[in-house]
Amino acid sequence: MSVALWIIATLAVAGVLIYKRASLVTFSLGLVAMFAVGGLFDIVGPVLWVLLAIVLVPLNITSIRQKLLTRPILAAYRKVMPEMSDTERDALEAGTVWWEGELFSGNPDWQKLLDVPKAKLSEEEQAFLDGPCEEVCKMLDDWQVTHELTDMPEHVWQYLKDNKFFAMIIKKEYGGLEFSAYAQSRVLQKLAGVSTVLASTVGVPNSLGPGELLQHYGTKEQQDHYLPRLARGEEIPCFGLTSPEAGSDAGAIPDSGVICKGEWNGEEIVGIKLNFNKRYITLAPVATVIGLAFKMYDPDGLLGDKKELGITCALIPRDTDGVEIGRRHFPLNVPFQNGPIRGKDVFVPLDYIIGGQKMAGKGWRMLVECLSVGRCITLPSNSAGGIKQMALATGAYSRIRRQFKLPIGKMEGVEEPMARIGGNAYLMDGVTTLSTAAIDLGEKPSVISAIVKYHMTEKLRSCMDDAMDIHGGKGICLGPNNYLGRGYQGVPVAITVEGANILTRSMMIYGQGAIRCHPFVLKEMEASAKDGAAALAEFDKAIFGHIGFAASNFVRSLFYGFGGYRLSDAPGNSSTKRYYQQMNRFSANLALLSDVAMGVLGGSLKRKERISARLGDMLSYLYLGSAVLKRFEDQGRLDEDKPLMHWAMQDTLYKLQEAQLAMLENFGGIGTALRAIMFPLGRIAKRPSDKNDHKVARLLMEPNGARERLGEGQFLSPEGHFGFLEQTLRDMIACEPLHSKICKAAGERFSFTQLDALAERGLELGVISEDEAELMRRTEKGRLRTINVDDFDPADLLAGKAAFDYALKNLSKGEAA
């Protein structure tokens, strides 16, 4: 054996062991074995054996390793580790790590994903969707809500209360529905397809709020008093967190609660004097009980030695003296009940604290844990429901609406945005299904909740733009028959609430993900905060595990970069296996980039928001791609769904690749070197092809199984806009052969308009029956209703004081009001 061959063989063995993440002992034995082989061929002599011993002995003898290596590393680590506030620590420690941890590992175990039980509705949950949920969708007139009343009618409010729409999360022992997270998501998707106001009104009490907090942290007395009343709709809850000075930085709320003595019901007690100024509080104008977050202080030591107790949550009845409530905000013509809450020197007993006095100062931990659940459900589900409804509506409209003598959906320029709508609808429903499945398994996925809140609302925004572009004038002219306008106006609301999207992307996703999902970083941080031999031992185990982890991801990234990802383990069939393998490659890249970024930037990574954002994008797209593949597998790998699956995966992987490349291009010389390792042969992912765009667009434009699955669970009753569109679509398709028959008989090519007149011509020619003629007449009415827009008398567009003044002016002239 030549020296060169031995060196290559030794490096190969070392590489395989590192790739496989072998233990330090196994790796050392592998090197010893290769040195022994070298000795047999007179390649390795005493000097090399001594050098090997100098390296391996200290590494493998724990006491020597800790003294020579771990101790100085720990000292250096403590110097560079950034300071962490209590709120940051609570946010990091709250919730659980689920599938996102696998994606961060550089070696996802895909079988774990595929073993997640398929989400299903119980008989009771399905009956609720088919019954009360369907009925309230029929009851609501969104134009009346948004233009005439700026609120839902009283009978709709009462129906929601009577049928426990506000009690989906409340346990049955308190009179609630106790629905699964998946069922809550399906309810909100259906409602969101009809009205943003309706979905928001139902979503908030079932998300972060008094009901959720009481069930997890409330005292027995609080639970017994409030939960049955909330379940029956006798109480309407809201939660006051956001303040004018602290929007997305909720931990910086200035609202205070000072422990002091005061009078309550004629007696002097120790209580809390509250001063607060909250805004953007959904349901506040109509709420009867207020969940309130504030910073609690005990300057006189009435409860103990601690002066600043921290963020605390309390329940305040609406009629408490000093509470100012009832005024409304007006969020972009989508008038769900939302407004400010203020209070000056509001005195309440200590037992108003959720969970009682023992929970004083523990409010932030309570909030971030509950928010990780609610944020996974409400806004992502509303977004998915909205875009599913838009996918069906845009597909139908594109087949009904004609320009240049053909349906506009058959124009290549329209196919592109239609494909984005269809592909993203497929992805978004898959993401909400997977995320709620995690919650139903008992997870509180704080990182996933940030991912899905950001990406689902952003995708809704871009797809709504596409839908508006395709609908043209139909979309921009508001009125009773416009099913897009209010949703389009309301999109920025979802972008803004529950943490502004800019900050969610640039700070939260990776800020939490890097520490929570990484297999060693949190362990290192926890060990470094301790003292003594136990701390050194914990840090030693974590840091050398981390070194092996980083080395493995370096080898994997290099191997995968030269095409080795095609040999990586992956499930799936011929349609999906390559996607799993590409995800393996990008997962290894993410893990390596994370370690490099943390190693090079240290604590300053927290301030490098664009780097953090791109790393967060990588983790996010890995999760979104996982949800698409999981959906495709759970639904039986149906051929009919392949265009949707391929579009969603190709778009996701392309964006994932571009996020990695963008980071490398903006990471100086290190980025250049890493690009040579990760992308030595250039890009591997491509955008969805024009051919696949065409397939997706055609799926949306005619009834088929894939289209039905895409819109599964949405409100499509004939009484609503969308059911009417669906019927008109089917009628148009049924009329196409009749149109051809009449044209052929007449020897003339008629336009596909004035179908009622064309029906009479067909009867004259004797080529269609009376039933077919009636179909054409009905279709013409549906076609005109679909393409026409609303118009108004100028007086009808006046609102509020202007309308009142206009009426008085007419009355003064003796005109009818």
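This is a predicted model: local features need pLDDT of at least 70, side-chain atom pairs count only at pLDDT 80 or more; totals for chains, interfaces and linings use all residues.
Cys517 takes part in no disulfide, and the nearest cysteine sulfur belongs to Cys376, 12 Å away.

For a disulfide, the two sulfur atoms would have to be within 2.5 Å. Cys743 is also buried, at 6% relative accessibility.

## Salt bridges

How many salt bridges are there? The count comes to 34. One of them pairs Glu102 with Lys112, with the closest N and O atoms 3.0 Å apart. Glu102 belongs to helix H6 (residues 99–103) and Lys112 to helix H7 (residues 110–114), so this contact ties together parts that are 10 residues apart in sequence. As for burial, Glu102 is buried, with a relative accessible area of 15%, while Lys112 is partly exposed at 47% relative accessibility.

Next up is Asp255 with Lys278, where the closest N and O atoms are 2.7 Å apart. Here the pair links distant parts of the chain, 23 residues apart. Asp255 is in the loop between strand S1 (237–240) and strand S2 (256–264), and Lys278 is in strand S3 (residues 267–282). Are these two buried or exposed? Both Asp255 and Lys278 are buried.

Because Arg777 lies in helix H31 (residues 770–787) and Glu760 in helix H30 (residues 755–765), the pair ties together parts that are 17 residues apart in sequence. Glu760 counts as partly exposed, with 34% relative accessibility.

## A negative patch

Now for the surface. Asp141, Glu148, Asp793 and Asp796 form a negative patch there. Asp141 is found in the loop between helix H8 (123–139) and helix H9 (142–149). With a relative accessible area of 38%, Asp141 is partly exposed. That clears the cut-off for patch members, because a residue needs over 30% relative accessible area to be included.

Methods
Residues are numbered from 1 along each chain as its sequence is written. Side-chain values use heavy atoms; hydrogens and water are left out. Patches are made of residues with over 30% relative accessible area and no salt bridge: like charges are joined within 9 Å, nonpolar side chains (Val, Leu, Ile, Met, Phe, Trp, Tyr) within 5 Å. Accessible areas come from the Shrake-Rupley method with a 1.4 Å probe; for residues, only the protein chains shown count as cover. A salt bridge is a side-chain nitrogen of Lys or Arg within 4 Å of a carboxyl oxygen of Asp or Glu. Lys and Arg count as positive and Asp and Glu as negative; His and the chain ends are not counted. The place of a charge is taken as NZ of Lys, CZ of Arg, CG of Asp or CD of Glu. Helices (H or I, at least four residues) and strands (E, at least two) are DSSP runs, numbered from the N terminus. Buried means under 20% relative accessible area, exposed over 50%, partly exposed in between (1.4 Å probe, protein chains only).
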